[in-house]
Amino acid sequence: MTINEKQDDIIEEFDLFDDPLDKTQYIIDLGKKLPPMPEQYRTDDKLIRGCQSKVWLHSEMNGDNVHFEADSEPTAQISKGLVSLLIRVLDGEKPEDVANANLYFIERIGLSNLVTSRRAGGLASMLKQMKDFSTVQADLKSNA
């Protein structure tokens, strides 16, 4: 699936919910399904700056594609759900596609209405960290 197809799937899923509380619960449930991240990646250098909670993001290349893993402190279930959505859309994609991705699903599912401004800032920081890693990898690839 392309990045846009993945986004469209998420939009369809969220369209099933009319109540913002149901959408929020769904985000929490998505976070609970995120596979645990190895303890070795839960280090200060992998913390996402700008999040009100502790959220770790590990980025690496897997062949020609980027691979992301994330986890959060146990009390940060909404943040973990948010990062799980980003991983769902961007994991396994080519770095240049991640770096240039227009993530329209964030606005279309109404995340700005569901999360606090601090969480929205954390989400922006998560996305920036993923795109920054991918931009560096795409530049390395084009200069090789």
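Tutor: Residues are numbered from 1 along each chain as its sequence is written, and side-chain values use heavy atoms, without hydrogens or water. In this predicted model, local features need pLDDT of at least 70 and side-chain atom pairs pLDDT 80 or more, while totals for chains, interfaces and linings use all residues.

Student: Why are H1 and H3 called oblique to each other?

Tutor: The axes of H1 (residues 3–15) and H3 (residues 77–90) cross at roughly 140° and come within 8 Å. Angles under 35 degrees count as roughly parallel, over 145 as roughly antiparallel, 65 to 115 as roughly perpendicular and the rest as oblique. H1 and H3 are therefore oblique.

Student: What makes the contact between them?

Tutor: H1 brings Ile3, Lys6, Gln7, Asp9, Ile10, Glu13 and Phe14, and H3 brings Leu85, Arg88, Val89 and Leu90, where contact means heavy atoms within 4.5 Å.

Student: Why does Gln7 count as buried?

Tutor: Buried means under 20% relative accessible area, with exposed over 50% and partly exposed in between (1.4 Å probe, protein chains only). Gln7 has 0% relative accessibility, so Gln7 is buried. Beyond its neighbours within four places in sequence, Gln7 is in contact with Val89, Asn102, Leu103, Tyr104 and Phe105.

Student: Which residues of H7 are buried?

Tutor: Among them are Gly122, Leu123, Met126 and Lys131; the cover over the buried residues of H7 includes strands S1 (55–62) and S2 (65–72).

Technical notes: Axes are lines fitted to C-alpha atoms, for helices over the stretch in contact, and angles run from 0 to 180 degrees between N-to-C directions. Helices (H or I, at least four residues) and strands (E, at least two) are DSSP runs, numbered from the N terminus.
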